[in-house]
Amino acid sequence: MTTTLDRTAPRDLAAEFPARLSLTPKTTLGGQLDGAWWPCSRDLEAQLPPLAAALEESWGRITRVTVNPTRWPVVPHTVSVDGRRLHVGWFTEQDPDKVILLSYTVGRWDLLVIPPETPPAAAARLMAAAAIPGSVLTAGILMANEAVIGRGIRDAQRREATWEGEGGACMSPFGDSMGRSALPLSGNGWR
């Protein structure tokens, strides 16, 4: 079996950059997610150390991580973080768009995982939505909503490009370009 890693950032550079996170503010409202994480690649061994380091101050030492293997080409059993071992597990029953982080002292956190190839505008929308306190939206629902929003934005951009490419020509109800001669005459005889 051959495994290919989709690396958008070299492994040695990944440790130099902080994790891209958006966390839910500390409130009494409990929601489905505790925030969002936007890794730079699908290489868990390179991406988990910056995530654990970024969360250590506010959440304590992360000791275990679970993921769904459908989004990660390789799921290592352990990852080295500052000279210690972070245990990594996988469950096919877990939402594929979520990572679960566990700590012996503080508890459990569920983060939406935004795919590395996500455009920055879409990632910003997802990070904001995942950090809303008390939200009942799951990781899967947020990703599905963003797919619809992204499709709508792409359709609007395509319509605008078509409009501009036709010189701003009017369109018939059937999507065909209409020249000025096809427009009805106004009351003064001008088109």
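Which residue in S5 is the bridge partner of Ser80? The partner is Arg85, and this pairing belongs to a set of 4 bridges that join strand S4 (residues 78–81) to S5 in an antiparallel arrangement. The structure is a predicted model, in which local features need pLDDT of at least 70, side-chain atom pairs count only at pLDDT 80 or more, and totals for chains, interfaces and linings use all residues. Residues are numbered from 1 along each chain as its sequence is written, and side-chain values use heavy atoms, with hydrogens and water left out.

**Overall architecture and confidence**

The protein has 4 helices and 9 strands. Helices (H or I, at least four residues) and strands (E, at least two) are DSSP runs, numbered from the N terminus. In sequence order, the pattern is α-β-β-α-β-β-β-β-β-α-α-β-β. Contact means heavy atoms within 4.5 Å. Of the contacts in the protein with a separation of 6 or more, 63% are between residues 24 or more positions apart.

The predictor's confidence in each residue is given as pLDDT, from 0 to 100. The average for the protein is 81, and 76% of the residues score at least 70. Confidence is highest in S3, at a mean of 96, and lowest in helix H1 (residues 11–14), at 44. Over residues 1–15 the pLDDT is below 50, and this stretch has 24 contacts in the model beyond near neighbours in sequence.

**Strand pairing around S5**

Two strands pair if DSSP finds at least two bridges between them. Strand S5 (residues 84–90) runs parallel to strand S3 (residues 64–67), and 4 bridges join the two. Within this pairing, Val65 has Val88 in S5 as its bridge partner. S4 and S5 form a hairpin with 2 residues between them, and Asp82 in the turn has a positive phi of about 50 degrees.

Thr92 lies in the loop between S5 and S6. Leaving aside neighbours within four places in sequence, Thr92 is in contact with Asn68 and Pro69. The C-alpha atoms of Thr92 and Pro69 are separated by 6.6 Å, although the two residues are 23 residues apart along the chain.

**Burial and nonpolar cores**

A residue is buried under 20% relative accessible area, exposed over 50%, and partly exposed in between (1.4 Å probe, protein chains only). Buried residues make up 36% of the 191 residues in the protein. A nonpolar core is a set of buried Ala, Val, Leu, Ile, Met, Phe, Trp, Tyr and Cys residues joined through side-chain atoms within 4.5 Å. In soluble globular proteins, nonpolar side chains tend to be buried together.

The largest nonpolar core has 22 residues, of which Trp37, Leu48, Ile62 and Leu101 touch the most other members. H2, S3, S4, S5, S6 and S7 each supply at least two residues of this core, and H2 gives the most, with 6 residues. Leu48 touches Trp37, Val65, Val79, Leu86 and Val88, not counting residues up to four places away in sequence.

**Salt bridges**

Side chains of opposite charge can pair when their charged atoms come close. A salt bridge is counted where a side-chain nitrogen of Lys or Arg is within 4 Å of a carboxyl oxygen of Asp or Glu. The count by this rule is 6. The table lists some of these pairs.

| Pair | N to O distance |
|---|---|
| Arg42 and Glu117 | 2.7 Å |
| Arg84 and Glu56 | 3.3 Å |
| Asp110 and Lys98 | 3.2 Å |

Arg42 and Glu117 meet in a salt bridge. This pair links distant parts of the chain, 75 residues apart: Arg42 is in the loop between strand S2 (35–37) and helix H2 (44–59), and Glu117 is in the loop between strand S7 (107–113) and helix H3 (120–130). Arg42 is buried, at 15% relative accessible area, whereas Glu117 is partly exposed, at 48%.

Arg84 and Glu56 also meet in a salt bridge. Arg84 in strand S5 and Glu56 in helix H2 are 28 residues apart. Arg84 is buried, with a relative accessible area of 13%, while Glu56 is partly exposed, at 31%.

Asp110 forms a salt bridge with Lys98. Asp110 lies in strand S7 and Lys98 in strand S6 (residues 98–103), so the pair ties together parts 12 residues apart in sequence. Asp110 is buried, at 8% relative accessibility, and Lys98 is buried, at 17%. Salt bridges that share partners join Lys98, Arg108 and Asp110 into one network.
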